Amino acid sequence: MRSDRLGLLLDQFDCAREMAEVRLGGLGDEEYLWEPVPGCWSVRRRGEAVTPRAFGPGDWVLDRGAPQIPASEYAEVARQAAGGMSVAKIADDWGVSAERVREVLAHTGPPAPEASPVTTIAWRLGHLHFCFAGQWEWTFGERRRDPVLLVDFSPRAAPALERFWALMDRWRADVGALTDEQLDTVGLSQYPYGSDPDSPFFEVLWGGNLEFIHHMAEVALLRDLWRNRSTTPGPGVS
């Protein structure tokens with residue numbers, strides 16, 4: 001195992017990916033779209049989404065809810081403000097109003113717990129695909145295409161996984177060629193939905209690994225629940 005910064009981040013990513021590929025073996029369409037509770041976020045036909053900001057360039061879109069700052073991220077908002085980010089920049093970073101940012105900054109005591117949406121495996125994979133496609137485009141690509149238009153979401157498991165792993169291969173190859181100077185470069189990634197432009201790239205990589213790991217852990221749990229579900233069939237593809 002390498003002990004340099006990039007080596008450690010790559011080893012972490014490679015290990016997580018290997019485990020994820022094993023866990024995703026044999027994924028079928030019905031399981032991919034299975035909704036363990038009513039009202040899940042998923043991949044849906046355009047016009048049938050259950051959320052106000054569902055997006056995608058094709059016939060199928062990925063559910064996305066109204067802009068908000070999760071309670072678990074209040075400390076991060078405070079850190080951004082303490083680091084000199086303006087309220088307007090923080091609001092743009094999170095996609096919320098400036099007034100909402102001020103409310104979060106004025107909040108005292110532990111934040112009230114919030115209910116996170118329950119999602120399908122299709123949504124988790126689509127979300128990861130969207131995030132990594134956008135970060136690749138705005139780091140190694142032309143830095144011009146809107147991330148919400150980069151992924152043609154699929155209601156079928158096999159093509160969705162094939163496209164996703166191809167993207168991850170490209171991401172891994174380009175990340176593996178980075179220099180120490182590039183790792184320390186603030187704004188090497190200009191990804192427009194987040195704090196990438198204000199961060200050194202090694203922080204972006206660290207955050208990307210966490211995103212991959214925690215979403216794949218949720219996918220693994222959904223697969224366990226699927227195997228132990230009731231006999232009532234889940235929604236299929238029409």
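Visitor: Let's start with V101. Leaving out residues up to four places away in sequence, what does V101 touch?
Guide: V101 touches I69, V77, V87, I90, A91 and V96. Keep in mind that this is a predicted model.

Visitor: Which helix holds V101?
Guide: V101 is in α5, residues 98–106.

Visitor: Is V101 buried or exposed?
Guide: Buried. Its relative accessibility is 0%, and buried means under 20%.

Visitor: How far apart are the C-alpha atoms of V101 and V87?
Guide: They are separated by 6.6 Å. Along the chain, the two residues are 14 apart.

Visitor: New topic. How many residues are in the largest nonpolar core?
Guide: That core has 49 residues. Among those with the most contacts inside it are W165, F212 and M216.

Visitor: Which element gives the most to this core?
Guide: Helix α6 does, with 10 residues. There is also a second, separate core of 10 residues, including I69 and V77.

Visitor: What is W165 in contact with, setting aside neighbours within four places in sequence?
Guide: W165 is in contact with R17, A20, E21, L24, F212 and M216.

Visitor: Now the whole chain. How many helices and strands are there?
Guide: Nine helices and two strands. The chain is as compact as a globular protein of its length, because its radius of gyration is 19 Å, close to the 18 Å that the globule rule gives for 238 residues.

Visitor: And what share of the residues count as buried?
Guide: 42% of the 238 residues.

Definitions and conventions
Residues are numbered from 1 along each chain as its sequence is written. This is a predicted model: local features need pLDDT of at least 70, side-chain atom pairs count only at pLDDT 80 or more; totals for chains, interfaces and linings use all residues. Side-chain values use heavy atoms; hydrogens and water are left out. A nonpolar core is a set of buried Ala, Val, Leu, Ile, Met, Phe, Trp, Tyr and Cys residues joined through side-chain atoms within 4.5 Å. Buried means under 20% relative accessible area, exposed over 50%, partly exposed in between (1.4 Å probe, protein chains only). Helices (H or I, at least four residues) and strands (E, at least two) are DSSP runs, numbered from the N terminus. Contact means heavy atoms within 4.5 Å. The radius of gyration is taken over C-alpha atoms; the globule rule is 2.2 Å times the number of residues to the power 0.38.
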